[in-house]
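I opened this model to look things up one at a time. My entries follow in the order I made them.

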Amino acid sequence: MNVLVIDGHPDLQASTANAAIYRHYQQATDWLIHNLAVYQGDIKEEQAALLRADVIVVQFPLYWSTFPAVLKKWIDDVFTYGFAFGPYGSKLRGKKLLFSITAGATEESYSESGFNFMSFGNYQKAFEHAFRAAEMDIVDTIVTFELNADPNEGGDKAKTLDLAQAHALQVTNAVNALTGK
């Protein structure tokens with residue numbers, strides 16, 4: 001089975017959690033990984049990779065409670081009329097999709113009384129929109145909170161690396177269950 005990871009982190013060199021997750025995927029799987037930080041706008045290749053995939057993992061850190069701009073740009077470029085939507089679109093209909101999300105904030109901060117003012121589920125509806133419009137089958141969302149490694153912001157690098165490893169294993173196990181591995 002073909003697994004495609006769309007890695008929406010804009011700068012893995014500056015990342016602790018997402019870089020660790022990326023390394024895990026590279027070392028422990030045979031998945032094809034498209035890192036959007038180096039995306040050059042080859043729309044036809046991105047669409048072809050999506051069509052070849054049996055399972056698609058969309059990996060990204062929450063940036064102000066949504067996905068980074070590089071992932072938004074990729075969606076704007078790749079999810080075109082006639083491909084992802086429209087009368088002759090929906091070529092992604094039924095494709096299995098798993099969201100793999102990291103967040104520096106606490107889970108509790110995603111509430112009406114928390115720093116992010118809404119539940120995580122409200123934010124999730126917004127970032128799922130393009131994928132639902134493309135009629136993809138969202139089979140799971142794996143999110144790990146408190147992945148802040150910056151001690152200047154109260155973060156803990158060792159804890160972040162442990163949580164990132166657990167997150168990567170959880171995603172790998174979920175994908176393996178979907179693919180029968």
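**Entry 1: what covers helix 5**

I started with the cover over the buried residues of helix 5. It includes strand 1 (3-7), helix 1 (17-28), strand 3 (55-61), strand 4 (96-102) and strand 5 (137-144). I am reading a predicted model here, not an experimental one.

Which residues of helix 5 are buried? I listed Thr160, Ala164, His167, Ala168, Val171, Thr172, Ala174, Val175 and Thr179.

**Entry 2: length and ends of helix 5**

I checked the length next. Helix 5 covers residues 157-179, which is 23 residues. At 1.5 Å a residue the helix should span 33 Å, and its end C-alpha atoms are 33 Å apart, so the two agree.

Then I looked at both ends. What caps the N-terminal end? I found Asp156 there, with a side-chain oxygen 3.0 Å from the backbone nitrogen of Ala158. Just after the helix comes Gly180, and I noted its positive phi of about 80 degrees.

I searched the whole structure for salt bridges and got 8. Side chains of opposite charge can pair when their charged atoms come close.

Lys72 bridges to Asp76, and the closest N and O atoms are 2.6 Å apart. How far apart are Lys72 and Asp76 in helix 3? They are 4 residues apart in this helix (residues 69-78), so about one helical turn separates them. Lys72 has a relative accessible area of 39%, which makes it partly exposed. Asp76 is partly exposed too, at 46%.

Lys73 and Asp77 form another salt bridge, at 2.9 Å from N to O. Both residues lie in helix 3, 4 residues apart, about one turn of the helix. Is Asp77 buried or exposed? I have it as buried, because its relative accessibility is 14% and the cut-off for buried is under 20%.

**Entry 3: a salt bridge between strands**

I then turned to Lys96 and Asp137. Their salt bridge has its closest N and O atoms 3.0 Å apart. This pair links distant parts of the chain, with Lys96 in strand 4 and Asp137 in strand 5, 41 residues apart. I read 31% relative accessible area for Lys96, so this lysine is partly exposed. Asp137 also comes out partly exposed, at 31%.

**Entry 4: the whole chain**

Last, I stepped back to the overall layout. I counted 5 helices and 5 strands. From the N terminus on, the elements run β-α-β-α-β-α-β-α-β-α.

I noted a box of roughly 50 × 35 × 30 Å for the C-alpha atoms, along the principal axes. Of the 181 residues, 49% count as buried. I also looked at contacts between residues at least 6 apart in sequence, and 74% of these join residues at least 24 apart. The chain exposes about 9100 Å², with carbon and sulfur atoms supplying 52% of that area.

Methods: Residues numbered from 1 in each chain as written. Predicted model: local features only at pLDDT ≥ 70, side-chain atom pairs only at ≥ 80, totals over all residues. Heavy atoms only, no water. Helix = DSSP H or I, 4+ residues; strand = E, 2+ residues; numbered from the N terminus. Expected span 1.5 Å × (residues − 1). Buried < 20%, exposed > 50% of the residue type's maximum accessible area, 1.4 Å probe, protein only. Contact = heavy atoms within 4.5 Å. Polar contact = N/O pair within 3.5 Å; in protein donor to acceptor, adjacent residues only side chain to side chain. Salt bridge = Lys/Arg side-chain N within 4 Å of Asp/Glu carboxyl O. Areas by Shrake-Rupley, 256 points an atom, 1.4 Å probe, with all protein chains shown as cover.
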